[in-house]
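Biologist: I have not seen this structure before. Could you take me through it in questions and answers?

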Amino acid sequence: MFAAAGCQDSGGGNTGSTAAAGCGGKIAIFGAFTGDNAGLVIPSLNGAKLAIKQHNAANADCQITLQEFDTQGDAAQATPIASQVAGDPSFLGVIGGHFSGESDATMPVYEAAGLAMVSPSATRTDLTAKGNKSFFRVVGNDGTQAGAVSTYLKSQNAAKVFMIDDGSAYGAGITAELEKNLGTSLAGKDKIQEKQAQFDATISKIKAAQADFVFYGGYTREAAPLVRQMRAAGVQAKFVGPDGLYDPAFPQGAQSGAEGAIITCPCLPAAKAGGTFSADYEKEYKIAPGSYGAEGFDGAMIYIDAFKAGKKSRADILAFVKAYDKQGVSKYIKFAENGDVDPTKVVIWSYQVKGTTFEPLQELKLS
Amino acid sequence: MSQSVNATAPHVGRMEAVGDRWRALPKWQRSLGFVAFVAFLYYLPLLGIPGLTWFRTDYIQGGSSWAGTLFTCAIYVLVAIGLNVVIGLAGLLDLGYIGFFAIGAYGVGLFGSVNSPVVKAIQERFDLPATWAVGWAICLFIAITLAMVSGVLLGWPTLRLRGDYLAIVTLGFGEIIRIVAKNVTTVTNGNAGISAIPGPEGPPSATNTVFGLIDLKPWYWLAITFVLIMVFFVRRLEHSRVGRAWLAVREDEDAAAVMGVNPFKFKLWAFAIGAALGGVAGVLFASRQAFIDPTKFDPMTSILFVAMVVVGGSGNMMGVSLGAFLLVYLPERFRGVADYRFLAFGVAMVLVMILRPQGLIPSRRRARELKDRAAEAEEAPAHV
Amino acid sequence: MNFDELIGQFGQHTVNGLSKGAIYALIALGYTLVYGVLRLINFAHSEVFMVGTFAVFGTWTAMGLQNNPPLGTAIIALVVGLIVGAVASGGTALAIERVAYRPLRKKNAPPLVFLITAIGVSLVLVEVFGVLLPKLFGDSGFTMSTLFSRPRQLLGMPTVLEHKNLFTIGDTSVTNVQAIVFVSAMLMMFALDRFINKTRYGRGVRAVAQNPETAALMGVNQERVIMLIFVLGGAMAGAAALLWNMRFGVTQNTIGFVLGLKAFTAAVLGGIGNLRGALVGGLFLGLVEVYGATLFSSQWEDVIAFVVLVVVLMFRPTGLLGESLGRARA
């Protein structure tokens, strides 16, 4: 059925969908849509909204409602919302959570209600190791990305790598995974605090370790001032970061400091993704899709395809998501037994910061 | 400028008049009123009276579960009652109350969850099955003990400090707890958090019949029961020798010391009791959510705890409870304004403080003090 | 524990710590001035600093400043930035006093009420810069709108002065920016100290700090003194904002909170209400943080700072230098 739905991100192409009468339904999306961390999550929300909007415009007979639930990324707000969504039978699927913490907290609730959960951006490795039967993610986990980073570092013959992380579930997770792969090339490490702005002590350590590569696991908020101060202090080591930094605010915040920095991201370059997602997104929101914009779009597409295939109950939709097998915008989407996107399908690209843009460099094959 | 003083005076008067009339009622009428109020509290999650359903947080699109919101309100009320002992009764400015809340939450998380490194270590040490963990009731006890002990440990070196110094030191304490919980990953799992935290019915599971995952009403009823017990407990305390000692210390520490009340001892008591109450709130919070990570225990939340006590009416349990309720309820109910809700919240906070510095429902004694102070301000024209 | 690193690079860490502490000290002055006179913690002071960083950034944007401009342009940018930052921050502080504190002072409200009001004001300012202004001006197309094009996110601004090594002694190198931050902070604090201790206005401030009633009897206009200290404290925060932008080049609507917390800690460490205490406390805190982060790991920086605070207060309950704007108070 979904094969019939044809090519990806049907920008308006009504590819002979089998929309029957009574098609459509309601899905929920939850995450930090307001608050300090909203910047990381809004692209995903916008991506999902875009997918639904395009679908609804093209299929008047199959309207889908996307209900937003703002959690501010706070598990304490996410769980009552999960109970609300789970207790309201009109909801047939969920996109979220966007952070690992809120996902971890709400997974048992959605599982108990038999609701499928498709996360665009919760990357912590152990989320899919809990035996949860309704959690899926269209994003590679920290382990896959750390593997790609180490592939990159090996290809560059990195001899002295200095690792820094921010202690967040995301940053510390990916850094811990990377540490397993680095072996003797690990020259030193430091952990910083969230919202820290002055990094003299860390920079001294980088200098003392005479590192030729600096890996930073974390987000823009700390990475931008860090890399800027590194450069100002004369550290020339190459700066490498994960997709938390695949965010227009990073090169903007770091100004020239980020020039040449390498960012890995499990997201296809716009040109390779095919389809019109990037262009559509820019047209709609006047800004390039940042981190997880494509994942949000893909998450919504899964449910759109489910509704198009005539699925009308939570159980059917859960089974549909489980068996999903199709090219998405961000990657080829097919879920492994544990809910991770099939590791062989995860495509990780390295990007280099040039000015304020991310230039695709190469695909990183997992070793 | 004297006009602004007069403008608020009638409000104070009206509120007090209501209070006085209430106290003047015959005892049986007051008991009846109280029973009706308690019954209403228990009925609240079922609220279906036409017209009043507007108040439900799930009345709006994208709203949160009504019982879930009420539960969170009840937890914050519990926090407010505990913090009120410290701020309202003993007059100690504690900006790090979140630390005790966190200790309570981690008490049940670390000992009750099969996913916690502590439980895993115990399992390994004593060859226990992988499903073994400390029972909920025992966790509750452990958590309260831990919170009380940490209250004493914090109070011992710091309670000799004067008010404002105490404020920054306690704030630091709250931060230390959070950062330790974040950094000592081998004990707390760090920011990855601890999941599968048990409730009274055991670990979270879809098969739990009472304290389940989707229907949160029983959780609210549990929390409100705890609130009522604590209110009763603190009320007794307030009118006991300890309560009078707190009052004396708060009003004039030196005079109290001269009269044979050891300020340090009673301050320490206030800290320990307040800490225990915060711990209880933390346990319930962690149990219902079944998951905790350190990000929730940030200094901003801690400062908001103080805000709900002061905005509600420091020293009056009814007042601080109202403050706590509004603090949780308003942002939840008015999700419609989304991004602006914290702006509105800040404006409301400033307005309440300027128009009613004594709090929404002030304690009678505090309101009188405030009137005196305002009168003093008026008598001294040099200030204007 | 990493003693080798600390000892081996001791000079460098000291330089780093001092330049870090100088900014704490400048912000701490605002807390200390207000506390010294009014005995209240102006919790909204962190947001006064935040407004300053935005004002300076706005000025530079309006000037069309690029990365590493020629020296002449850089100097103009710094001087204009200093003036605009000081005016914006001083004005914000004054506005907070007028709108939020004055009505409370009229009622002689207890200190706790001021504290909560200040927190409310903080919240309002953070949200205004995070939400309201971006909504209003985010895509208005003005040059200045770039300030608000990405609500709540970190904003980078051009580097005004390229960081260069000024001089090196042994292993210790001092960059031009570090030197400017430190020296200008010292100069401003020195000027403020002279102002408070030597001028007529300063005498008024000290008089009100010591005894408001007597000062009033002696003909000191208390309201003017209070306005003066808010403006002065705000202007210092504005100057700190300029130095911050010059050194780090980033800001955000929430940038104030953590920094304000540290500056307040510094003020308490040195003895709140004492101008020289703010200086000593700020530099001391900067050093402790850099040494501590080197010795352990940066993730323990705040814990070390707070533990040191508790230890210092245990032995000196009113801070390193004791609290007094004029003389010691009982």
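The questions below go from whole chains to single residues.

Biologist: What kind of model is this, and how many helices and strands are there in chain A?
Modeller: This is a predicted model. Chain A contains both kinds of element, and its count is 12 helices and 14 strands.

Biologist: Why does chain A count as compact as a globular protein of its length?
Modeller: The globule rule gives 21 Å for 367 residues, and chain A is close to that value, so it is as compact as a globular protein of that length. Its C-alpha trace spans about 70 × 40 × 35 Å along the principal axes. The radius of gyration behind the comparison is 20 Å.

Biologist: What percentage of the residues in chain A are buried?
Modeller: A residue is buried if 20 or more other C-beta atoms lie within 10 Å of its own. Chain A has 367 residues, and the buried ones make up 65%.

Biologist: In chain A, what share of the contacts with a separation of 6 or more comes from residues 24 or more positions apart?
Modeller: The contacts considered are those with a separation of 6 or more. Residues 24 or more positions apart account for 71%.

Biologist: How many helices and strands are in chain C, and what is its radius of gyration?
Modeller: The secondary structure of chain C comes to 12 helices and 4 strands. The globule rule gives 20 Å for 330 residues, and chain C is close to this, so it is as compact as a globular protein of that length. Its C-alpha atoms fill a box of roughly 55 × 55 × 35 Å along the principal axes. The radius of gyration of chain C is 20 Å.

Biologist: What percentage of the residues in chain C are buried?
Modeller: Among contacts in chain C between residues at least 6 apart in sequence, 76% join residues at least 24 apart. As for burial, chain C has 330 residues, and the buried ones make up 60%.

Biologist: Which element gives the largest share of the side of chain A that touches chain C?
Modeller: In this interface, 31 residues of chain A are in contact with 29 residues of chain C. The elements of chain A giving two or more residues to that side are α1 (38-58), β7 (186-191), α6 (200-209), α7 (220-232) and α8 (249-254). By class, that side has 10 nonpolar, 13 polar and 8 charged residues. The largest share, 7 residues, comes from α7(A).

Biologist: Is α2(A) largely enclosed or largely open?
Modeller: Helix α2 of chain A covers residues 75-87 and reaches 18 Å from its first C-alpha to its last, close to the 18 Å expected. Its buried residues include Ala75(A), Pro80(A) and Ala86(A). Of its 13 residues, 12 are buried, so α2(A) is largely enclosed.

Biologist: Is Thr158(B) buried or exposed?
Modeller: Thr158(B) lies in helix α6 (residues 136-158) of chain B. Not counting residues up to four places away in sequence, Thr158(B) touches Leu166(B), Val169(B) and Val310(C). Since 20 or more C-beta neighbours within 10 Å make a residue buried, the 23 inside 10 Å of Thr158(B) mean that Thr158(B) counts as buried.

Methods. Residues are numbered from 1 along each chain as its sequence is written. Chains are lettered from A and ligands numbered from 1 in the order in which they are written. This is a predicted model: local features need pLDDT of at least 70, side-chain atom pairs count only at pLDDT 80 or more; totals for chains, interfaces and linings use all residues. Two residues are in contact if their C-beta atoms, placed from the backbone, lie within 7 Å. Ala, Val, Leu, Ile, Met, Phe, Trp, Tyr, Cys and Pro count as nonpolar, Asp, Glu, Lys and Arg as charged, and the others, Gly among them, as polar. The radius of gyration is taken over C-alpha atoms; the globule rule is 2.2 Å times the number of residues to the power 0.38. The expected span of a helix is 1.5 Å times one less than its number of residues.
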